Every structure is written in structure tokens, then in C-alpha cells.
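Subject: Structure for your review

Hello,

Here is the structure, followed by notes on what turned up in it. Please read them with the model open.

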Amino acid sequence: MNETRGKRMQFFNLIALALFTLMHAPTCGGEQITVTENGKPVASVKREQIALLFPGICLIDPAKYKQFEDHIYGMIFQEPVNAKIAANGEIVPEQTGWKLNTDAFAVQFYKSFYSLKGNVIEVPKTPVYPRVDSELLSLIRTKQIGQYVTYYRTKQKARANNIQLAAKAIDNHVIFPGEIFSFNRVVGKRTEEKGYMKAPEFMGGNLVEGIGGGICQVSSTLFNAADYAGMKILERYSHSKPVPYVPPGRDCTVSWNGPDFVFQNNYNQPVLIRAHAAHGRLAVFLYSSEEINIEHRHVPNWSNLLQIGSGGGS
């Protein structure tokens, strides 16, 4: 009985509070709220554009506010950039990113909205730190724990182009202890917009032309380097037919929305991937810190034979 009466009193209190808010809510005008970043305007909105459509009152419409906040978030968001090792071997420092501090922005916006004055809000930002900084790179570039080299024909320009793009995509990638690496996730979808070209690839046991043809040589080279380094291989598929750039059973086919190459860093130290493709030579190296206790696996190598020439196939 008392519990029911208490809930009823809470309900009436909420109704009373809502009526009080409505009675004292200001009438919306055309005053403008301007949002700036580093003192420069990035967006503006009039109160009437973001208010609930009730005659004679001026309250913020939560849905309209969220839409405006998302717009501001997208405009000021800056992706952090990891540190990397340049072609000359020097470390390129990381860059901190930025995102909107949504809680602080909401407080400022609501205060400005109900002040009934034209106001300027300087966007409150929160730093977004990169996963890999210069200090970490300097520690994990010292000890080579895995390597594998394959060869390709430079005269097959489209295929060579695709190999170089995929190698660049995995280069400088750091896998933290216990973290899982997915080739498809890291390299991303192979599209013409990214520069990938049509080249021979295996599909259903047949050699056909496809966007990104040739990148399976990159996944195969990475697989052998990771396997040699003792990584935990979680997902790996072979082609339906032998390929010329690795020994039988040592290939690794990948396809967007299809087979993937996935492995886990099962060591207690981060692992750095370095990959480079040029002049018909594709090399993948894995590095880590001096603290790592590596357990190598035996991996057969066809390097000497492959220098004679290889080509065709994904």
C-alpha cells in the first residue's frame, strides 16, 4: 500500500516538474549558436532549428541535438597516425588525433541554448592517442624473428602493382601480445579506387582476371614468415591448384568476403611486420624486442628455384 502510494507521488512529482519546465521554458527566437574550432567557425544552428515543435515554448529536441552533435563530431574528428619506419630506416613520429568531448559539448550547448543570446561555443576536444608510438617502434625493431622471400615477374605489371600495394598495406603493422591479425581486415577491400588492377587469380579452380589478382603471393609470403616465427596460425587455406611462388602446401589464398589468413601473436612481446616488394622480389620480415623468446618452426624455401622465374596465379 505504502509502496503504491510512493510510486504515485513520484509520478505526480514528475508531472509537476514537466509542467513547471513547460511554463518557464523560453520562446524560441532566431538567435544563432556558432561552433568554432581554434577560433574559426565550423558550424552554426538557430535555436528554432533544433527545438521541439511546441507552440510558445523552446525546448531542445534530443533527436535534432544528437544529429547536430554527430555532425560536429564528424567535422572535427582527426584519426591518430601511428609511428612508422620510413624507407631510409628512420622512425617517423606518431601523430595524436582528436575527437569531440561529447559530455562537455552538451553542457556548453544546453547552457548556450537556454541563455537566449547569440553564443559562440569553442569545441571541447579529447586527444586520441595512436596505438604505436616512436618509443615502442624503437624497442621492437631490433630482433628479427621471422622472414620469407618470394619472387614475381615485373613484366606482369598489373599483378606486380597489386603485390606492391598489399605489401605496403601490411608494412609497419604491429601485432600486440595475444592480438589476432586478419589479412583481409588489415589490407582491406581490394578496389580500383585504391589502385588495385585486374590480374590473373584462381577462382573455382580456374585462372581468371580479377581485381587484386596476385595478392595471394603476399598472404603466402606472410604466412611462411609468421609460421617460421612460431605464430599461432588460426585460419589458412590453400589454393585449389599449386602456385609457382612457394613449395606445395605452403601457399595461402585470400579473398574479400571469402578465405582469410588469420594468426595470433602468442608471445608476450609486440611483433612488427615489415614488407617490401620491388624489382620482382617480395620480402616479409617479422621483428620484436630483445626480450622475446622465439620458437622457430621449419619452413621450406624455394628461393633459389623461384629466382629463375614465376608468375601467373593468385
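Which residue is the bridge partner of Ile175 in β15? It is Val271. Before going further, please note that this is a predicted model.

Confidence

The average pLDDT for the protein is 87, and 83% of the residues score at least 70. Residues 304-311 are a stretch where pLDDT stays under 50. The model has 14 contacts for residues 304-311 beyond four places in sequence. Where pLDDT is low, the predicted coordinates should not be read in detail.

The sheet around β15

The pair Ile175 and Val271 belongs to the antiparallel pairing of strand β9 (residues 174-175) with β15, which has two bridges. Strand β15 covers residues 271-278, and seven of its eight residues are buried, so β15 is largely enclosed by the rest of the structure.

β15 also pairs with strand β16 (residues 281-288), again in the antiparallel sense, over seven bridges. Within this pairing, Arg274 has Phe285 of β16 as its bridge partner, and Ala275 stands opposite Val284.

Strand β8 contains Tyr148. Tyr148 is buried, at a relative accessible area of 3%. Along the sequence, Tyr148 and Val284 are 136 residues apart, but their C-alpha atoms are 5.5 Å apart in space.

Strand β1 and its partners

β1 is mostly covered, with five of its six residues buried. How many bridges does β1 make with β2? There are six, and the pairing is antiparallel. One example is Gln32, whose bridge partner in β2 is Lys46. β1 and β2 form a hairpin with two residues between the strands, in which Asn38 takes a positive phi near 55 degrees.

β1 pairs with strand β6 (residues 119-122) as well, here in the parallel sense and over four bridges. In that pairing, Thr36 has Glu122 of β6 as its bridge partner.

Asp61 lies in the loop between β2 and α2. Its relative accessible area is 15%, so Asp61 counts as buried. Apart from neighbours within four places in sequence, Asp61 is in contact with Ile50, Ala51 and Leu52. Glu48 is 13 residues from Asp61 along the chain, and the C-alpha atoms of the two are separated by 9.9 Å.

Helix α2 runs over residues 62-76 and has 15 residues. From first C-alpha to last, α2 reaches 21 Å, close to the 21 Å expected at 1.5 Å a residue.

Which residues of α2 are buried? They are Tyr65, Phe68, Glu69, Ile72 and Ile76. Seen down the helix axis, the buried residues of α2 fall within an arc of 100 degrees, so they line one face of the helix. Ala63, Gln67 and Gly74 are exposed on the other side of α2. The cover over the buried residues of α2 includes the strands β1 (32-37), β2 (40-46), β5 (97-100) and β7 (125-128), together with helix α3 (102-113).

Cysteines

The structure holds zero disulfides. The cut-off used for a disulfide is 2.5 Å between the sulfur atoms. For Cys252 the closest cysteine sulfur is likewise that of Cys216, at 7.5 Å. Cys216 is buried, with a relative accessible area of 1%, and Cys252 is buried at 0%.

Regards

Key
Residues are numbered from 1 along each chain as its sequence is written. This is a predicted model: local features need pLDDT of at least 70, side-chain atom pairs count only at pLDDT 80 or more; totals for chains, interfaces and linings use all residues. Side-chain values use heavy atoms; hydrogens and water are left out. pLDDT is the predictor's confidence in each residue, from 0 to 100. Contact means heavy atoms within 4.5 Å. Buried means under 20% relative accessible area, exposed over 50%, partly exposed in between (1.4 Å probe, protein chains only). Two strands pair if DSSP finds at least two bridges between them. The expected span of a helix is 1.5 Å times one less than its number of residues. The arc is that of the directions from the helix axis to the C-beta atoms.
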